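Me: I would like to learn how to read helix packing and sheets in a model like this one. Please give the general idea each time and then the case at hand.

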Amino acid sequence: MSVTTATTQDDLRRLNLARILRFVHVSGPVSRSDLVGATGMNRSTIGVLVNELAEAGLVAEVAGAAGGVGRPSLVAEPVPSGALVLACEVKVEATETALVGLGGTVFTRRTDTHAADGIDPAEAVEVIAQAAEALLGEATGTLVGLAVSIPGVIDPDDGQVLVAPNLGWRDVPLGTLLVDRMTVPGQRVPQIAVGNDADLGALAEHVRGSGRGVRSLIYLSGEVGIGGGIVLDGSLMTGLGGFGGEVGHMVVNPGGLLCRCGTRGCWETEIGRDAVLRAAGLSDEVGDVLQVVRAAESGNVKAREGLRHVGEWLGLGLGNLVNIFNPEVIVLGGHLRYLLPQVSEAVLGRVDQTLAAMRDDVQLVTPALEGDSTLLGAAERAFAPLLSDPLGVLQMTAAREAS
Ligand SMILES: [Zn+2]
């Protein structure tokens, strides 16, 4: 005879509540039959757990469409205001902030443009704190998390930015600075996380975008620099210290330009924003990538030539990634999504040189979440604690607000 301890039962209940909430959060309204199919739990257990989540204000049960004879079945849907998160994306030129509800509903958002010489860590913390205050303003609901995306190498344990070459940051304790700034009387302080921009883009495209349902995916963020987030066997590849996937600093042209990381000929010096503008003969101070793409579309020879050149380098790096990782989907995010239609011939020419077994499987796509992959990935990261322990996180949040 086996004895089930209380701890085991508590663990099981927490795990099952988490499975149901995650499914509803990602899939939207689902019937009890869908939940039975997705979780393997029986109908009555699901009924009990959905009721608990409903009492906590996280899901609502509504009558679904009537099908055939009998009563219409109940449908569980996420309550967007039941749990809120703040998502921030710090880029070289601006910080984007959004208030996002359970189920991925974006309530409000704002853009804070940076000064021409970029932003230093203290300013970034201030911008984030003020954006948080403004977006939370009249919002009702429980704030359960804040996550910030940085284009750099992050220690996931404490949110330390080890290096963010294009922001000019090195060894910045961003996680600690945010906790210190946001711990003020009367302010609701959520759990705070800091993540790499491309990892968060990969997360969002895997959960809600072009890579939904696939087992392996590479997301490339094209901003001033180039970042990579790699999902293998359904999980984000982190490497030993959580720093894996820095494909922008893969050396592709040893005789090329000096990168901001200090090495010569990194992939981002050939396909990053400045490289696209340079190849098209535009100054990196006045131009943007979309301008180059529009010029090429309207027949500008210099712009077309420039994009063809960038396409060759893009294809060369992608070919390497295909050979190494054998991904199902590669999502070209940030400015790379504008390039794909113009450069697909050059890119596919290079990718065709990869091993046949690999190239036949891979799809090159643009992000379903368009320019918001990273921002929405930050929202997913901020929801992660709630989605692992729904009632525990709500209790912890209530205790913090009461203290
Ligand atoms: Zn580099």
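Reply: Start with handedness: a crossing is left-handed if the near helix is turned anticlockwise from the far one by less than a right angle, and right-handed if clockwise. Helices are DSSP runs of H or I with at least four residues, strands are runs of E with at least two, and both are numbered from the N terminus. Here α9 passes α11 in a left-handed crossing. This is a predicted model, in which local features need pLDDT of at least 70, side-chain atom pairs count only at pLDDT 80 or more, and totals for chains, interfaces and linings use all residues. Residues are numbered from 1 along each chain as its sequence is written.

Me: How are the axes of α9 and α11 placed, and at what angle do they cross?

Reply: Two packed helices are described by the angle between their axes and the distance between the axes. Axes are lines fitted to C-alpha atoms, for helices over the stretch in contact, and angles run from 0 to 180 degrees between N-to-C directions. For helix α9 (residues 289-297) and helix α11 (residues 336-351), the axes come within 9 Å and cross at roughly 25°. Angles under 35 degrees count as roughly parallel, over 145 as roughly antiparallel, 65 to 115 as roughly perpendicular and the rest as oblique. The two helices, α9 and α11, are therefore roughly parallel to each other.

Me: Which residues make that contact?

Reply: Two residues are in contact if their C-beta atoms, placed from the backbone, lie within 7 Å. From α9 come Val289, Leu290, Val293 and Ala296, and from α11 come Tyr338, Leu339 and Gln342. By class, the contact of α9 with α11 has six nonpolar residues, one polar and no charged. Ala, Val, Leu, Ile, Met, Phe, Trp, Tyr, Cys and Pro count as nonpolar, Asp, Glu, Lys and Arg as charged, and the others, Gly among them, as polar.

Me: How do α6 and α13 cross, and at what angle?

Reply: The axes of α6 and helix α13 (residues 373-388) come within 7 Å and cross at roughly 80°. α6 and α13 are therefore roughly perpendicular to each other. Residues of α6 in this contact include Leu200, Leu203 and Arg208, and those of α13 include Leu376, Glu380 and Arg381. The contact of α6 with α13 divides into six nonpolar, four polar and five charged residues.

Me: Now sheets. What is the order of the strands in the open sheet that contains β4?

Reply: Strands of a sheet pair through backbone hydrogen bonds, either parallel or antiparallel. Two strands count as paired if DSSP finds at least two bridges between them. The order of this five-stranded open sheet is β6-β5-β4-β7-β11, with mixed pairing. β6 (105-113) and β11 (191-196) are at the edges with a single partner strand each, so one side of each has no neighbour in the sheet. On average, neighbouring strands of this sheet are turned by 15° against each other, direction ignored.

Me: Which way does β4 run relative to β7, and relative to β5?

Reply: Strand β4 (residues 84-90) and strand β7 (residues 143-150) run parallel and are joined by six bridges. Glu89 has Ser149 of β7 as its bridge partner. β4 and β5 pair in the antiparallel sense over seven bridges, and Val90 stands opposite Thr95 in β5. β4 and β5 form a hairpin with three residues between them.

Me: Which strands does helix α6 lie across?

Reply: Helix α6 (residues 197-208) lies across β4, β7 and β11, running at about 100° to β11.
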